[in-house]
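Below is a short briefing on one protein chain. Look at the sequence and the structure before reading the points that follow.

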Amino acid sequence: MENSKGNIHISDSEWKVMKVLWEKPDLTLKEISAKLEDTKWSYTTIRTLVTRLMDKGAIKADKTSSNFLYSPAIAEKECKTKEINSFLSKVFDGSVSMMVSALTKDSKLTEEEQKKLMSIIEKIES
């Protein structure tokens with residue numbers, strides 16, 4: 001859970017906070033809370049999530065004004081890549097082909113989705 005350059009695990013709830021900040025950085029806690037009102041989380045819950053993310057090094061706070069402004073400390077793409085690699089390693093022993101096989105075998109991919117997946121696989125192989 002520490003930030004030793006990218007070893008950050010973000011919970012499902014924390015992802016929602018990160019998505020808000022990736023979409024619009026430099027928000028106050030009140031503004032973050034307003035953007036997450038559909039979650040029905042209390043202000044205290046959101047404050048706890050923000051504090052956890054700061055402790056992990058995923059977000060930073062500009063403390064120069066009376067209302068702290070929060071923004072991401074890690075890029076969305078970097079965070080997603082690390083999560084995907086963690087998932088791949090944990091669930092499929094790091095095997096992309098096992099994951100693709102599982103996706104295509106039991107899923108209901110449309111023909112267009114299958115073509116996109118094949119295109120991605122071809123790019124990886126070349």
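A residue is called buried when its relative accessible area is under 20%, exposed when it is over 50%, and partly exposed in between (1.4 Å probe, protein chains only). By this rule Lys80 is partly exposed, because its relative accessible area is 38%. This is a predicted model: local features need pLDDT of at least 70, side-chain atom pairs count only at pLDDT 80 or more, and totals for chains, interfaces and linings use all residues. Residues are numbered from 1 along each chain as its sequence is written, and side-chain values use heavy atoms, with hydrogens and water left out.

**Helix 3**

- Helices (H or I, at least four residues) and strands (E, at least two) are DSSP runs, numbered from the N terminus.
- The expected span of a helix is 1.5 Å times one less than its number of residues.
- Helix 3 has 14 residues and should therefore span 20 Å, which agrees with the 20 Å between its end C-alpha atoms.
- The buried residues in helix 3 are Ile46, Leu49, Val50, Leu53 and Lys56.
- They lie on the same side of helix 3, because they cover an arc of only 125° around the axis; the arc is that of the directions from the helix axis to the C-beta atoms.
- An α-helix has 3.6 residues a turn, so residues three or four places apart point the same way.
- Helix 1, helix 2, strand 1 (59-62) and strand 2 (69-72) are what the buried residues of helix 3 pack against.

**Salt bridges**

- A salt bridge is a side-chain nitrogen of Lys or Arg within 4 Å of a carboxyl oxygen of Asp or Glu.
- How many salt bridges does a search of the whole structure find? The search finds 4.
- One of them joins Glu14 and Lys56, whose closest N and O atoms are 2.6 Å apart.
- This pair links distant parts of the chain, with Glu14 in helix 1 and Lys56 in helix 3 (residues 43-56), 42 residues apart.
- Glu14 and Lys56 are both buried.
- Glu76 is bridged to Lys80, with 3.1 Å between the closest N and O atoms.
- Both Glu76 and Lys80 belong to helix 4 (residues 76-92), where they are 4 residues apart, about one turn of the helix.
- Glu76 is partly exposed, because its relative accessible area is 32%.
- Glu111 and Lys115 form a salt bridge in which the closest N and O atoms are 3.7 Å apart.
- About one helical turn separates Glu111 and Lys115, because they are 4 residues apart in helix 6 (residues 111-125).
- Glu111 is exposed, at 56% relative accessible area, and Lys115 is exposed, at 56%.

**Thr28 and Glu23**

- Thr28 sits in the loop between helix 1 (12-23) and helix 2 (29-35).
- Is Thr28 buried or exposed? Thr28 counts as buried, because its relative accessibility is 14%.
- Apart from neighbours within four places in sequence, Thr28 is in contact (heavy atoms within 4.5 Å) with Asn67, Phe68, Leu69 and Tyr70.
- Glu23 is part of helix 1 and counts as exposed, at 66% relative accessibility.
- Glu23 and Val50 are 27 residues apart along the chain, and their C-alpha atoms are separated by 16 Å.
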